[in-house]
Amino acid sequence: IASLEGESRPHHDVLLRMVDENGNELQASEFRGAAEKFGLMPILDRWSTAGVLAMLAKTPETAEPPSLLLKLSESTLKDAEGFLAWLTEALKARPLKPGELVFELQELRLQNHIRKAKTLTSGLRELGAGVSIDHFGTGANSAQLLDHIPASYLKFNPAFTQQFNDKDTFKKMSSLMEIAQQHS
């Protein structure tokens, strides 16, 4: 992920994969539906977060770690207090360094659970983590969401780049970028 403001720290999306019984690698899209159906997403979110924290703990003290962006599910958003309690305990061994971990949530999920979103994002920031809004620009109140959820990063909805030549799409994206810059 490249910074448009010239930030030198590298940013990386953390991608979840699973290996099946035949040794084949499965993308998250291939098992996420089943995990959601059986209520396993909070467990998957905590497992992937623990893996990222273990990896960050191995980073040499002298090195500036990259900024890792890790998606969280709607189930974890709904269990904001439980996830924050778990994360607080997990970070006792090694607190986060500024900017090294950013939790990513989809805009529409944040809007659908605004109270939980405020609790979760506020708690994450207190623990030293950043917040990224994914698929930004899809909701009817994208600009207003930034008043409630101060985000470290915004990842615009891919539809903006797919329809970049459309004047209305370009105008909406330009407007959202201006608003985002005012909130930074």
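Guide: In this predicted model, helix α2 passes helix α4 in a right-handed crossing.

Visitor: Why are α2 and α4 called roughly parallel?

Guide: Angles under 35 degrees count as roughly parallel. The axes of α2 and α4 cross at roughly 25° and come within 11 Å, and the two helices are therefore roughly parallel to each other.

Visitor: Which residues make the contact of α2 with α4?

Guide: Arg46, Thr49, Ala50 and Leu53 of α2 meet Gly82, Phe83, Trp86, Leu87 and Ala90 of α4. By class, this contact has six nonpolar, two polar and one charged residues.

Visitor: What makes α4 and α6 roughly parallel?

Guide: The cut-off is again 35 degrees. Helices α4 and α6 (residues 114-126) pack at an angle of about 10°, with their axes 9 Å apart; they are therefore roughly parallel to each other. Here too the crossing is described as right-handed, with α4 passing α6.

Visitor: Which residues make the contact of α4 with α6?

Guide: From α4 come Ala80, Glu81, Phe83, Leu84 and Leu87, and from α6 come Lys116, Thr119, Leu120, Gly123 and Leu124. The classes are six nonpolar, two polar and two charged residues.

Visitor: Which element gives the most to the lining of the second largest pocket?

Guide: That element is α2, with four residues. At least two residues each are supplied by α1 (28-37), α2, β4 (67-71), β5 (101-106) and β6 (130-136). The volume of this pocket is about 360 Å³. Its lining has 22 residues, and those closest to the centre are Val14, Leu16, Ala28, Arg32 and Lys71.

Visitor: How many residues of each class does that lining have?

Guide: The lining of the second largest pocket has nine nonpolar, six polar and seven charged residues.

Methods:
Residues numbered from 1 in each chain as written. Predicted model: local features only at pLDDT ≥ 70, side-chain atom pairs only at ≥ 80, totals over all residues. Heavy atoms only, no water. Axes fitted to C-alpha atoms, helices over the stretch in contact; angles between N-to-C directions. Parallel < 35°, antiparallel > 145°, perpendicular 65-115°, else oblique. Left-handed = near helix turned anticlockwise from the far one by under 90°. Contact = heavy atoms within 4.5 Å. Nonpolar A, V, L, I, M, F, W, Y, C, P; charged D, E, K, R; others polar. 1 Å grid on protein atoms, 1.4 Å probe; cavity = no way out; pocket = protein on both sides within 12 Å on 5 of 7 lines; lining within 4 Å. Points joined across faces, edges and corners; volume = space filled by probe spheres on them.
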